Amino acid sequence: MGKSLVSNNIRLLRFQNGEMTQQQLADKAGVTRQTIIAIESAKYSPSLELAFRLAKAFNVKLEDVFTYDSEEKK
């Protein structure tokens, strides 16, 4: 089995939503700014609940925030 990757569009979505700061997003999602930084830089994968809260903060579908890609090498 190959490596699994979860990517996100958080930075893009923040700027499409009035240049929302990481702190503003953190406040909407109920987490710390450090958590947003870690998720945005792909150093941390959020729980499913937090992923849905982030999507709700942007008023978009979960798939618009996060993408799951699996690379399988045979």
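**Exercise 1. State how much accessible surface the protein has, and what share belongs to carbon and sulfur atoms.**

Solution. The accessible surface, computed by the Shrake-Rupley method with a 1.4 Å probe, comes to about 5300 Å², and 50% of it belongs to carbon and sulfur atoms. The structure is a predicted model, in which local features need pLDDT of at least 70 and side-chain atom pairs count only at pLDDT 80 or more, while totals for chains, interfaces and linings use all residues. Residues are numbered from 1 along each chain as its sequence is written, and side-chain values use heavy atoms, with hydrogens and water left out.

**Exercise 2. Give the order of the helices and strands from the N terminus on.**

Solution. Begin with the inventory, which is five helices and two strands; here helices (H or I, at least four residues) and strands (E, at least two) are DSSP runs, numbered from the N terminus.

**Exercise 3. Find which residues of helix α2 are buried, and what covers them.**

Solution. A residue is buried under 20% relative accessible area, exposed over 50%, and partly exposed in between (1.4 Å probe, protein chains only). In α2, which spans residues 22-29, the buried residues are Gln22, Leu25, Ala26 and Ala29. They lie on the same side of α2, because they cover an arc of only 100° around the axis, the arc being that of the directions from the helix axis to the C-beta atoms. The face turned away from this buried side carries the exposed residues Asp27 and Lys28. Turning to the cover, what lies over the buried residues of α2 includes α1 (10-16), α3 (33-40) and α4 (48-58). Just after the helix, Gly30 takes a positive phi of about 80°.

**Exercise 4. Locate the two salt bridges and describe the surroundings of their residues.**

Solution. A salt bridge is a side-chain nitrogen of Lys or Arg within 4 Å of a carboxyl oxygen of Asp or Glu, and by this rule the count comes to two. In one of them, the side chains of Arg14 and Glu40 meet at 2.8 Å, N to O. This pair links distant parts of the chain, with Arg14 in helix α1 and Glu40 in helix α3, 26 residues apart. Both Arg14 and Glu40 are buried.

Next, Arg53 forms a salt bridge with Glu49, where the closest N and O atoms are 3.0 Å apart. Both Arg53 and Glu49 lie in helix α4, four residues apart, which is about one turn of the helix. Arg53 counts as partly exposed, at 30% relative accessibility, whereas Glu49 is exposed, with a relative accessible area of 53%.

Conventions:
Contact = heavy atoms within 4.5 Å.
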